[in-house]
Amino acid sequence: MRGPLAPSHVPIAKSRGERFDDLVLDAVDRLKPRWGTQLASVEFAVEEVPPAAELLDGPARLSSDPIPLGRAESASGDEPAAVVLYRRPLEARARDREQLGTLVLDVVVEQVASLLGLTPETIDPGYDDRH
């Protein structure tokens, strides 16, 4: 007998990628009450891993971490501003789903702060408490 192990409407039926997407949406929803206007035109996306160009060391690197967890792209031309999170590096750093949710929130806050030219503490006052 073949078929799904769980009905499609229960959380266990979601793939790892879908559960990660939900964490990103939860993080964005947490910021919307305060920053909804600024985030209205920002696209949020998930990629499995960073592009090879972002893994190169050199003076252009902003972080001391050799593997980035996300990136922020300013709007240009017809392209809207975007925040991209890298699923596999984030999952590799988290020991459980709760820690992954916290890490995803922190990266979303950091990337939104970078995009808006503000500090992470300004974007999410609870950011300081988590660090």
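1. Before we start, a word on the model: it is predicted, so local features need pLDDT of at least 70, side-chain atom pairs count only at pLDDT 80 or more, and totals for chains, interfaces and linings use all residues. Residues are numbered from 1 along each chain as its sequence is written, and side-chain values use heavy atoms, with hydrogens and water left out.

2. Let's begin with Arg71, which sits in strand 2 (residues 70-73). Strands here are DSSP runs of E with at least two residues, helices are runs of H or I with at least four, and both are numbered from the N terminus. Is Arg71 buried or exposed? Arg71 is buried, with a relative accessible area of 17%. Buried means under 20% relative accessible area, exposed means over 50%, and partly exposed is in between, using a 1.4 Å probe and protein chains only.

3. Which side chains does Arg71 meet through polar contacts? One is that of Glu47, at 3.2 Å, and another is that of Tyr86, at 2.5 Å. A polar contact is a pair of N or O atoms within 3.5 Å; within protein, one must be able to donate a hydrogen and the other to accept it, and residues adjacent in sequence count only if both atoms are side-chain atoms. Leaving aside residues up to four places away in sequence, Arg71 also touches others (heavy atoms within 4.5 Å), including Pro51, Val84 and Gln111.

4. The link between Glu47 and Arg71 is also a salt bridge, at 3.2 Å from N to O. A salt bridge is a side-chain nitrogen of Lys or Arg within 4 Å of a carboxyl oxygen of Asp or Glu. Glu47 lies in strand 1 (residues 43-47) and Arg71 in strand 2, so this pair ties together parts that are 24 residues apart in sequence. Glu47 is partly exposed, with a relative accessible area of 28%.

5. How many salt bridges does the structure hold? There are 11. One of them joins the side chains of Arg16 and Glu91, at 4.0 Å from N to O. Because Arg16 lies in helix 1 and Glu91 in helix 2 (residues 87-93), the pair ties together parts that are 75 residues apart in sequence. Arg16 is exposed at 52% relative accessibility, whereas Glu91 is buried at 18%.

6. Glu91 has another partner: its salt bridge with Arg87 brings N and O atoms to 2.9 Å. These two residues are four apart in helix 2, so about one helical turn separates them. Arg87 is buried, at 7% relative accessibility. Arg16, Glu48, Arg87, Arg88 and Glu91 are linked in a network of salt bridges.
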